[in-house]
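Here are my notes on the model you sent over.

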Amino acid sequence: MSKKQGFRLGVYVFKDAEVVDYAAPYGVFSVARRLDPELDVFLVADSLRPVQTQAGLTVHPNYSFNEMPDMDAFLIPGGFGTRQETYNKRLHQYIKSLPETTLLTSVCTGSWIYGNMGLLDGLPATSRKEPDRLEASEMGKVPIDRLAEIAPACTISRARIVDTGRIITGAGIASGMEMGFHLLRRAGYEEDFILEVARVMEYSEAYNVYKNDIEYFNHASR
């Protein structure tokens, strides 16, 4: 795969988005930009107002939906806020308006949005496999099982990353790291480049553990 010039990742932020879900892939791209400044990563929100994500961490988006920034991949994180975002028609319309060449990616319960839109029908996808205390109780449900309810025509995978071509889903919260590395792979960067990013982040050992925990479907790009 040849390297795509100026690969740009847009990360969606919304009320109560899980911090590591969006910060981990953002951080991978932030470090990778030290090695190749043609990479770009930015935050996208419904409007340009500050967004309070999980645990009160407030971020300022770079773009709103109305601005329609050019990007090669759009990432939806998970978090408590996905309970509302799953049914957010403005978000659904925005996703539908993106060019077919834009990769649709998610971390954790971000996959619920694609599932609710029917975009995962006939495809494998994943979500968080480890429940918190409420999710493990009789009152809750493990996120990956909730995905199966939201998208019954989706094949549930327990892989850390599931790549079906245009749509790429990541498992639990920390899998945002692997999503960041995999998007570098999809952007056409060689393994040596990705290994160097992982080394600088002092993540080499974990990277080597998880780098092959990827399920490809329908001969998706490797």
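1. First, a term for what follows: buried means under 20% relative accessible area, exposed means over 50%, and partly exposed is in between (1.4 Å probe, protein chains only). This is a predicted model, with local features needing pLDDT of at least 70 and side-chain atom pairs counted only at pLDDT 80 or more, while totals for chains, interfaces and linings use all residues. Residues are numbered from 1 along each chain as its sequence is written, and side-chain values use heavy atoms, with hydrogens and water left out.

2. On to charge pairs. Side chains of opposite charge can pair when their charged atoms come close. The cut-off for a salt bridge here is a side-chain nitrogen of Lys or Arg within 4 Å of a carboxyl oxygen of Asp or Glu. The structure has 15 of them.

3. Take Arg90 and Asp46, whose side chains meet in a salt bridge at 2.7 Å, N to O. The two sit 44 residues apart and link distant parts of the chain: Arg90 is in helix H3 (residues 89-97), and Asp46 is in the loop between strand E2 (40-45) and strand E3 (51-52). Helices (H or I, at least four residues) and strands (E, at least two) are DSSP runs, numbered from the N terminus. Arg90 counts as partly exposed because its relative accessibility is 45%, and Asp46 is also partly exposed, at 27%.

4. Glu100 and Arg166 make another salt bridge, at 3.6 Å from N to O. Glu100 is exposed at 64% relative accessibility, whereas Arg166 is partly exposed at 22%.

5. Is the Arg186 and Asp163 pair buried or exposed? Both residues are buried. Their closest N and O atoms are 3.0 Å apart, in a salt bridge. Arg186 is in helix H7 and Asp163 is in strand E10, 23 residues apart. Elsewhere, salt bridges link Lys3, Asp36 and Glu38 in a network.

6. If you're thinking about cysteines: the structure holds zero disulfides, a disulfide being a pair of cysteine sulfur atoms within 2.5 Å. Cys108 is in none, and the nearest cysteine sulfur, that of Cys154, is 15 Å away. That is too far for a bond. Cys108 is buried, at 3% relative accessibility, and Cys154 is buried too, at 9%.

7. Now helix H8 (residues 191-200). Which of its residues are buried? They are Phe193, Ile194, Val197 and Ala198. These lie on the same side of H8 because they cover an arc of only 140° around the axis, the arc being that of the directions from the helix axis to the C-beta atoms. Their cover includes helix H1 (19-35), helix H7 (176-186) and helix H9 (204-210), judged by contact, meaning heavy atoms within 4.5 Å. Just after H8, Glu202 takes a positive phi of about 55°.

8. Last, the largest pocket, which holds about 340 Å³ of space. Of the 20 residues lining this pocket, those closest to its centre are Phe80, Arg83, Arg128, Asp132 and Glu135. For the terms, on a 1 Å grid over the protein atoms alone, a pocket is an open set of points where a 1.4 Å probe fits, with protein on both sides within 12 Å along at least five of seven lines, and lining residues have an atom within 4 Å of a point. Points are joined across faces, edges and corners, and the volume is the space filled by probe spheres set on them. Helix H5 (133-136) and helix H6 (143-150) each supply at least two lining residues.
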